[in-house]
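Hi,

Here is the structure I promised to pass on. Have a look at it first, and then read my notes below.

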Amino acid sequence: MEPTLDDEAAHWRDLARTVAAERFAPLAGELDREQRYPGEHIATVVETGLSGMLVPAEYDGRALSMTAITTVIEEISAACASTGALLAARTLGAVPARLAGTEEQRRAVLGALTDGSAISFALTEEGAGSDAAAIRTRVEADGDAHRPTGEKIYIGNGGVSSRYVVFAKTDPGADAPGVTIDRIEDKMGIRGTRTSNLELDGVRVAAGAVPGEVGRGLKLALQTLDLGRVSVAAQGLGIAHAAYRLAVAEATGRHAFGTPLIDNQGIGFRLADLAVELSAARMLTYEAARAYDAGQPVSVPGSMAKRYTSEVAHRAVDLAVRVFGGAGFRKPCPAERPYRDQRVLEIYEGSSEIQRLVPARTITAGA
Ligand code: COS
C-alpha cells in the first residue's frame, strides 16, 4: 500500500524516483565495494533542488513538507541506501539551526545546505550513545567565544561537512585550539557514506555560532533526533521495499519441485506477511511525517515509526537472502548489499531499545 500524497509530495517522489534510477542506482554497487563517498551525487542533488528540501524559501530552499522529504528519502534509499543515508544526515545536521538558530545562523547553515555544503550532527561519544546526557565533551567560556574539548564519534558526513554542530557540557577545562578528524570508519553497510571521529582540543567557537540557549543543548539534540528518526524510518521503507521487490522477483521467477517458489506456502505466506508489515510501516512513517507537518509532537510517532520500520526492513532483507537460496550467500547477489545496509537502521539515531523506551515512558494507566 502506498501513502496518499498531495501534488507537491507526489511531484518530488517522482523526481526522486527518476534521479535515483538514472544516477544513484548505477553507482550503488561501486560505492559499496570501494567504500567511496559520492561527491558527484552532491552535484546532482544541488542541480535537482533536492539539497534544499528542508530549507525554507527565504534561504533559497524548496521548503518541502516532511511528508515530501520522507518520500524522497524512501525512493533514494531503495536505489542506493548510502545516498539516502547521507542525504538524511545532511538534513539532521541542519535541524538545530532550523529549530533554534538566529537569523544569521539559519542563513549561513541552511543557505549553504542548498549550495551543496553540509553540516554534521556531533553528539555521540565513546560511552555516550544511548545515554545522551552522559557526554563528557566540555566547553569553556573564553571572552566572547566558547572552547569545546573532547572527542565525538560516528559523525555522519565527517570530513566532508564544512560545519559541525557539537553538543558539549559547560564546565571549565583545557585551552588548546584544534579540530582533528583522523579516523574514517570501515563499515559493514552504507559504505558510500562517510563516518568519522571529531576531536576538539579547545577550538575557538564564536558565541554567535551557538544555536539556541547555552544550557539547553540536550533538549535541542533530542528534538533534532525526534525529527531525524522519521528520516531513518524513511530509509527503512526504501531498503525494505527494495528487498521485497527482489524477493518477489526471485520467488516468482525461480522454480523448485516444478513450480515457482512463491507457490510454496513457506515462501508465499512470508511474502504476504511482509507486504502487510511494509504497508503498516508506511502508515506509521507517513503519520509521523504528517504529525510534524501539522505542528504536532513527533517524538512518540517518530520513535514508533523508526523502530517498526527498521525491524520490518530487517525481516525483508533476511527474506530476500533466503529466497535466493545458495545464490543468496554467493557474491555477487543483489540481496547482499541491502542485507548489510539495513543493519545500521536499528542502531543509529537511537537503538531499537531506545525507541521502545521513548513510548514506554508515555504509557499511563487507563490510557
Ligand atoms: N525533546 C525535547 N526535550 C526532551 C526530549 C525530547 N524528545 N526528551 C527528553 N527531553 C528533556 C526532558 O524533558 C528533560 O528536561 P528537564 O531536565 O528540563 O526535565 C531532559 O530532556 C532530560 O530528559 P530525561 O530525564 O528523560 O533524560 P534521560 O537521560 O533519562 O534519557 C533518552 C532520555 C533516553 C530519551 C535520551 O537520552 C535519548 O533519546 N537517547 C538516545 C540518544 C540517541 O538517539 N543517540 C544516537 C545518537 S545520534 S547517531
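Among contacts in the chain between residues at least 6 apart in sequence, what percentage join residues at least 24 apart? The figure is 76%, where contact means heavy atoms within 4.5 Å.

A word on the ground rules: this is a predicted model, in which local features need pLDDT of at least 70 and side-chain atom pairs count only at pLDDT 80 or more, while totals for chains, interfaces and linings use all residues. Residues are numbered from 1 along each chain as its sequence is written, and side-chain values use heavy atoms, with hydrogens and water left out.

Now the overall picture. The chain has 10 helices and 10 strands; these are DSSP runs (helices H or I, at least four residues; strands E, at least two), numbered from the N terminus. Its radius of gyration is 21 Å, which agrees with the value near 21 Å for a compact globule of 367 residues (taken over C-alpha atoms; the globule rule is 2.2 Å times the number of residues to the power 0.38). The C-alpha trace spans about 80 × 55 × 40 Å along its principal axes. Of the 367 residues, 51% count as buried (under 20% relative accessible area; exposed is over 50%, partly exposed in between, with a 1.4 Å probe and protein chains only).

UniProt lists residues 7–116 as "domain: Acyl-CoA dehydrogenase/oxidase N-terminal", in an unreviewed entry; such annotations may be inferred rather than shown by experiment. That stretch is 77% helix and 0% strand, and its end C-alpha atoms are 26 Å apart.

- His146 lies in strand β3 (residues 145–156) and counts as buried because its relative accessibility is 18%. Leaving aside neighbours within four places in sequence, its contacts include Val139, Glu140, Arg204 and Val214.
- Pro332 is joined to Lys331 by a cis peptide bond, with omega about -5 degrees. You will find Pro332 in the loop between α8 (299–323) and α9 (336–341).
- Asp60 is not a glycine, yet has a positive phi of about 65 degrees. Asp60 sits in the loop between α2 (39–48) and α3 (66–79), and at 64% relative accessibility it counts as exposed.
- Glu349, also not a glycine, has a positive phi of about 55 degrees. Its place is in the loop between α9 and α10 (352–360). Is Glu349 buried or exposed? Glu349 counts as buried, at 16% relative accessibility.

Cheers
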